[in-house]
Amino acid sequence: MELDFENSGGLLPAIVQDARTGNVLMLGFLNEEALAETRRSGAAVFYSRSRKRLWRKGEQSGHVLRVLELRVDCDADAVLLRVEPLGPGVCHEGYRSCFFRRWEGDGNVSLVEVRAFDPAQVYSQEEQR
């Protein structure tokens, strides 16, 4: 299958979903090399837009995402990674999901999850970006 990397400047959005619970864990980006490495290794590898390089999820934290299934959307310009998370959380802020805040109707934001781990114990300051 040909994926449309050109539609979004060489990067495909990759929604990451816990295959067991159905919860959305994060959004990452894949270039062709990251997708190939994800498929080869069976673990999620993304392209970091801030670092301008590939990064293997869990390379510092050990919180790896084992890819169980890869789905492609109807336009072939976005993917869904259904994963088994190996670790207490996915978010660099210490939560199980990066979507730990709810935007309320009045414009305020409220936490809807509790921290799963202490990010200061897992990441260096540079890695928390």
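Me: A salt bridge is a side-chain nitrogen of Lys or Arg within 4 Å of a carboxyl oxygen of Asp or Glu; which residues are linked in a network of such bridges?

Reply: The network of salt bridges links E37, R40 and R56. Before going further, please keep in mind that this is a predicted model, in which local features need pLDDT of at least 70 and side-chain atom pairs count only at pLDDT 80 or more, while totals for chains, interfaces and linings use all residues. Residues are numbered from 1 along each chain as its sequence is written, and side-chain values use heavy atoms, with hydrogens and water left out.

Me: OK, and how many salt bridges does the count come to?

Reply: By that rule, the count comes to eight salt bridges. Among them is the one in which the side chains of E59 and R53 meet, at 3.1 Å from N to O, and another joins the side chains of E69 and R71, also listed at 3.1 Å from N to O. E104 bridges to R102 as well, with 3.0 Å between the closest N and O atoms.

Me: How exposed is E59, and how exposed is R53?

Reply: Buried means under 20% relative accessible area, exposed means over 50%, and partly exposed lies in between, with a 1.4 Å probe and protein chains only. E59 has a relative accessible area of 41%, so it is partly exposed, and R53 is partly exposed because its value is 33%.

Me: Switching to the inside, how many residues has the largest nonpolar core?

Reply: The largest nonpolar core has 21 residues, and those with the most contacts inside it are V16, F46 and L65. Each of β1, β2 (24-30), α1 (32-41), β3 (45-48), β5 (64-72) and β6 (79-86) supplies at least two residues of this core. A nonpolar core here is a set of buried Ala, Val, Leu, Ile, Met, Phe, Trp, Tyr and Cys residues joined through side-chain atoms within 4.5 Å. The helices (H or I, at least four residues) and strands (E, at least two) are DSSP runs, numbered from the N terminus.

Me: And V83, is that buried or exposed?

Reply: V83 lies in strand β6 and is buried, since its relative accessible area is 0%.

Me: Which residue is 73 residues apart from V24 along the chain, with 6.9 Å between the C-alpha atoms?

Reply: That residue is S97, which lies in the loop between β6 and β7 (101-103). S97 counts as buried because its relative accessibility is 3%.

Me: Now the surface: which residues form the negative patch?

Reply: The negative surface patch is formed by E2, D4, E6, E32 and D75. Patches are made of residues with over 30% relative accessible area and no salt bridge, where like charges are joined within 9 Å and nonpolar side chains (Val, Leu, Ile, Met, Phe, Trp, Tyr) within 5 Å. Lys and Arg count as positive and Asp and Glu as negative, with His and the chain ends not counted, and the place of a charge is taken as NZ of Lys, CZ of Arg, CG of Asp or CD of Glu.

Me: Where does E6 lie?

Reply: E6 lies in the segment before β1 (12-18), and E6 is exposed, as its relative accessible area is 64%.

Me: What forms the nonpolar patch on the surface?

Reply: I15, V24, L27 and F99 form that patch, with about 350 Å² of accessible area together. Such areas come from the Shrake-Rupley method with a 1.4 Å probe, and for residues only the protein chains shown count as cover. I15 is placed in strand β1 and counts as partly exposed, because its relative accessibility is 39%.

Me: Last topic, backbone angles: what is the phi of K52?

Reply: K52 has a positive phi of about 60° although it is not a glycine. K52 sits in the loop between β3 and β4 (53-56) and is exposed, with a relative accessible area of 61%. A76 also has a positive phi, near 60°, in a residue other than glycine; A76 is found in the loop between β5 and β6, and A76 is buried because its relative accessible area is 10%.
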